[in-house]
Amino acid sequence: MDSKNKVSFEWSVTVIVITAVVSVLLLYCIYFIANNYYKTSAAVGISVVILLFLYVATQMPIYLCYNADGIVIKHLIGQTKIPVRNLTSIEKADDNVTAYSIRCFGSGGFGGYLGKFSNNMLGNYTMCVTQKKNLVLIKTTKRQYIISCTHYDELISYYENRIKGL
């Protein structure tokens, strides 16, 4: 990917605080479970907590890259690819577009607002947001994505003509 088309995800203070507090609580849970339960119970409890950490780690966004092939959201572990051939629209979203959303599966602030969400305005969508401003709504043939992007104007203008030409 072209490094000039690489945008880091900037975290809001709210996401940083939630991530720090939940991390400390989860680490305390591991400590508490390991020291207060029988080995079988502790192993199950610790496994659940570790799986929570791993899920968030796989979804936590680090940066996004965009080029003629599409958009790639690089997570701490793994990535999400949105091919340009699947794009139907990309636009600046109001900062309140995610209001009254129901989290179907994901994180509501721990590592960002990540996962599958739903609300009356958008229906079902995937969110990858680390601050609830500078939101971009990406619609594809199969899904909708809400991402936060500090350079949203460059991202949107890059794809506007490409989408019309498809």
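**Notebook: pocket, sheet and salt bridge**

I began with the largest pocket, whose volume comes to about 200 Å³; I keep in mind that this is a predicted model.

I then looked up what lines the largest pocket, and found 14 residues, among which Q59, T80, G115, K116 and T126 lie nearest its centre. Sorting the lining by residue class, I noted seven nonpolar, five polar and two charged residues. When I traced the lining back to the secondary structure, I found that helix 2 (39–59), strand 3 (70–75), strand 7 (112–119) and strand 8 (123–129) each contribute at least two residues to it.

Next I turned to an open sheet of four strands, which I read in the order 1-2-3-4 with antiparallel pairing. Strand 1 (6–8) and strand 4 (79–83) stand at the edges and have a single partner strand each, so one side of each has no neighbour in the sheet. From one strand to the next, I noted a twist that averages 15 degrees.

Within this sheet I followed the pairing of strand 2 (residues 61–67) with strand 3, which run antiparallel and are joined by six bridges. I looked up C65 in particular, and its bridge partner in strand 3 is V72.

Last, I checked for salt bridges, taking a side-chain nitrogen of Lys or Arg within 4 Å of a carboxyl oxygen of Asp or Glu as the cut-off, and the count came to one. The pair is K92 with D95, whose closest N and O atoms are 3.5 Å apart. I also looked up how accessible the two partners are: K92 is partly exposed, at a relative accessible area of 34%, and D95 also counts as partly exposed, at 40% relative accessibility.

How values were computed:
Residues are numbered from 1 along each chain as its sequence is written. This is a predicted model: local features need pLDDT of at least 70, side-chain atom pairs count only at pLDDT 80 or more; totals for chains, interfaces and linings use all residues. Side-chain values use heavy atoms; hydrogens and water are left out. On a 1 Å grid over the protein atoms alone, a cavity is a set of points where a 1.4 Å probe fits but cannot get out, and a pocket is an open set with protein on both sides within 12 Å along at least five of seven lines; lining residues have an atom within 4 Å of a point. Grid points are joined across faces, edges and corners, and a volume is the space filled by probe spheres set on the points. Ala, Val, Leu, Ile, Met, Phe, Trp, Tyr, Cys and Pro count as nonpolar, Asp, Glu, Lys and Arg as charged, and the others, Gly among them, as polar. Two strands pair if DSSP finds at least two bridges between them. Axes are lines fitted to C-alpha atoms, for helices over the stretch in contact, and angles run from 0 to 180 degrees between N-to-C directions. Buried means under 20% relative accessible area, exposed over 50%, partly exposed in between (1.4 Å probe, protein chains only).
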